[in-house]
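Colleague: I would like to learn how to read helix packing and pockets in a model. Could we work through an example?

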Amino acid sequence: MKLSRGLAIAFWSAVFATLILESVLFVPWTQTSGFKVLSTLVFTIIAFGWFRADSREGEVSPSPLLTIMVLDVSILAVPYYKFRYLGVRAGFVFLAVVIGSFIAVGVAAGLIGEIIYGSAAA
């Protein structure tokens, strides 16, 4: 398995775990500023690691400014990287995968909430 794929799986697993802890299990310490800072740091480190691994695997050399931007505003810089350095098709495929992953994580968390707490209508 490519390192970039493993890091992508780690990122979405961390998003899923955070969503379960915060929105399904309502764990109180997830509402603290310390947890917010830690989770943001973890997401940023994994996203940056993915960016570096993906650029090495794609044999591209992103600019130093883009590298800094990935750390600051990943949500904008990573899609820009895909479109700019790997092409329009890769950019749109990437966006589709990200949107699909967000939907899948949200649906899975909702289903787990339904399993744990049952239907609200019941």
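Colleague: In which hand does helix 2 pass helix 3?

Modeller: Helix 2 passes helix 3 in a right-handed crossing. Keep in mind that this is a predicted model.

Colleague: What describes two packed helices?

Modeller: Two packed helices are described by the angle between their axes and the distance between those axes. Here the axes of helix 2 and helix 3 come within 9 Å and cross at roughly 150°. Angles over 145 degrees count as roughly antiparallel, so helix 2 and helix 3 are roughly antiparallel to each other.

Colleague: Which residues of helix 2 and helix 3 meet?

Modeller: From helix 2 come Thr44, Phe48, Phe51 and Arg52, and they meet Leu66, Thr67, Val70 and Leu71 of helix 3. Sorted by class, this contact has five nonpolar, two polar and one charged residues.

Colleague: Which helices supply the lining of the largest pocket?

Modeller: At least two residues each come from helix 1 (3–24), helix 2 (33–57), helix 3 (64–72), helix 4 (74–86) and helix 5 (88–117). Helix 5 gives the most, with nine residues.

Colleague: How many residues of the lining are nonpolar, polar and charged?

Modeller: The lining of the largest pocket has 22 nonpolar, five polar and six charged residues.

Notes
Residues are numbered from 1 along each chain as its sequence is written. This is a predicted model: local features need pLDDT of at least 70, side-chain atom pairs count only at pLDDT 80 or more; totals for chains, interfaces and linings use all residues. Side-chain values use heavy atoms; hydrogens and water are left out. Helices (H or I, at least four residues) and strands (E, at least two) are DSSP runs, numbered from the N terminus. Ala, Val, Leu, Ile, Met, Phe, Trp, Tyr, Cys and Pro count as nonpolar, Asp, Glu, Lys and Arg as charged, and the others, Gly among them, as polar. Axes are lines fitted to C-alpha atoms, for helices over the stretch in contact, and angles run from 0 to 180 degrees between N-to-C directions. Angles under 35 degrees count as roughly parallel, over 145 as roughly antiparallel, 65 to 115 as roughly perpendicular and the rest as oblique. A crossing is left-handed if the near helix is turned anticlockwise from the far one by less than a right angle, and right-handed if clockwise. Contact means heavy atoms within 4.5 Å.
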